[in-house]
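This report looks at a protein model with an eye to its inner spaces, the meeting of its chains and a few points of its backbone. Please keep the sequence and the structure in view while reading.

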There are 2 protein chains.
Amino acid sequence: MRKPAYHIFVCTSSRITGQQKGYCHSKEGVTIVAKFMEEIEDQDLGGEVFVSNTGCFGLCEKGPVVVVYPGNVWYGAVTPADVEEIVTEHIKGGKVVKRLEI
Amino acid sequence: MRKPAYHIFVCTSSRITGQQKGYCHSKEGVTIVAKFMEEIEDQDLGGEVFVSNTGCFGLCEKGPVVVVYPGNVWYGAVTPADVEEIVTEHIKGGKVVKRLEI
């Protein structure tokens, strides 16, 4: 199979029980996922980049949390407004967005 | 922050809507997450290894899917019975479990 070059994991506080609660969920986690998907399409990165919603990363006080592999880069306090910068700078440009890194 | 050396992502078909359906969910995705957590504790890897449940990876026909970073290793048709081997061989031993790789 063809693997993604980048894999972006966005905490949406997805519980294995299906329950809809948790810090990142309450802070637009779902909107952040949607924004990443939109941005990846807009920047023509489909197939290269994969976006997944996840359960809690255990760092709620730093949320919403986004983790990018490869590189094991953890971003915190991410808002939908930060997504374009992460895709442009990090995913396309290869430069970690330092102001959001935790 | 201290980052995990390994991050294991298990598809539990976690929908951003909270809906509880999907192939990996129907094939014990949630039990696989629990088994990874148990095995990590039993093998004294807490803190080194992080386990996250995720939404669909889009490879349902190869599910349940487990993705391991670093390495971008994708496993398919994983069952709870395979978890101990993945932790022992791959996470502890550094050797990809070839028979499950997709």
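## The enclosed cavity

The largest cavity has a volume of about 40 Å³, and in this model, which is predicted, the count comes to one cavity of 30 Å³ or more. Which residues line the largest cavity? From chain A the lining takes A:S14, A:R15, A:G18, A:Q19 and A:Q20, and from chain B it takes B:S14, B:R15, B:G18, B:Q19 and B:Q20. Sorted by class, the lining of the largest cavity holds eight polar and two charged residues, with no nonpolar residue among them.

## The largest pocket

The largest pocket has a volume of about 220 Å³, and 17 residues form its lining. Those that lie nearest the centre of this pocket are A:S14, A:R15, A:G55 and A:C56, together with B:N53 of chain B.

Two or more residues of the pocket lining come from each of α1 (23-26) of chain A, α2 (29-42) of chain B and β2 (49-54) of chain B. The largest share, four residues, belongs to β2(B). By class, the lining of the largest pocket is made up of ten nonpolar, six polar and one charged residues, whereas the lining of the largest cavity has no nonpolar residues.

## Where the two chains meet

The size of an interface is often given as the accessible area lost when the parts come together. Between chain B and chain A the buried area is about 2,400 Å², and carbon and sulfur atoms give 63% of that area. In chain B, the residues that lose the most area to chain A are B:M1, B:I16 and B:Y69, which together account for 25% of what that side buries. In terms of contacts, 29 residues of chain B touch 29 residues of chain A.

How many salt bridges are there between chain B and chain A? The count is zero, although 14 residue pairs between the two chains are in polar contact, with both residues at pLDDT 80 or more. On the side of chain B that touches chain A, the elements giving two or more residues are β1 (6-11), β2 and β4 (73-75) of chain B, and β2(B) gives the most, with four residues. By class, this side of chain B has 13 nonpolar, 13 polar and three charged residues.

## Salt bridges

Over all chains, the structure holds twelve salt bridges. One of them is formed by the side chains of A:R2 and A:E48, which meet at 2.6 Å from N to O. Because A:R2 lies in the segment before β1 (6-11) of chain A, while A:E48 lies in the loop between α2 (29-42) and β2 of chain A, the pair ties together parts that are 46 residues apart in sequence.

## Points of the backbone

Most residues other than glycine have a negative phi, and most peptide bonds are trans. In chain A, however, a cis peptide bond joins A:G63 and A:P64, with omega about -10 degrees, and A:P64 is placed in the loop between β2 (49-54) and β3 (66-69) of chain A. In chain B, the peptide bond from B:G63 to B:P64 is cis as well, with omega near -10 degrees, and B:P64 is found in the loop between β2 and β3 (66-69) of chain B.

Where in chain B does B:D44 lie? B:D44 sits in the loop between α2 and β2 of that chain, and its phi is near 60 degrees, a positive value in a residue other than glycine.

Technical notes: Residues numbered from 1 in each chain as written. Chains lettered and ligands numbered in written order. Predicted model: local features only at pLDDT ≥ 70, side-chain atom pairs only at ≥ 80, totals over all residues. Heavy atoms only, no water. 1 Å grid on protein atoms, 1.4 Å probe; cavity = no way out; pocket = protein on both sides within 12 Å on 5 of 7 lines; lining within 4 Å. Points joined across faces, edges and corners; volume = space filled by probe spheres on them. Nonpolar A, V, L, I, M, F, W, Y, C, P; charged D, E, K, R; others polar. Contact = heavy atoms within 4.5 Å. Buried area = accessible area lost by both parts, 1.4 Å probe. Salt bridge = Lys/Arg side-chain N within 4 Å of Asp/Glu carboxyl O. Polar contact = N/O pair within 3.5 Å; in protein donor to acceptor, adjacent residues only side chain to side chain.
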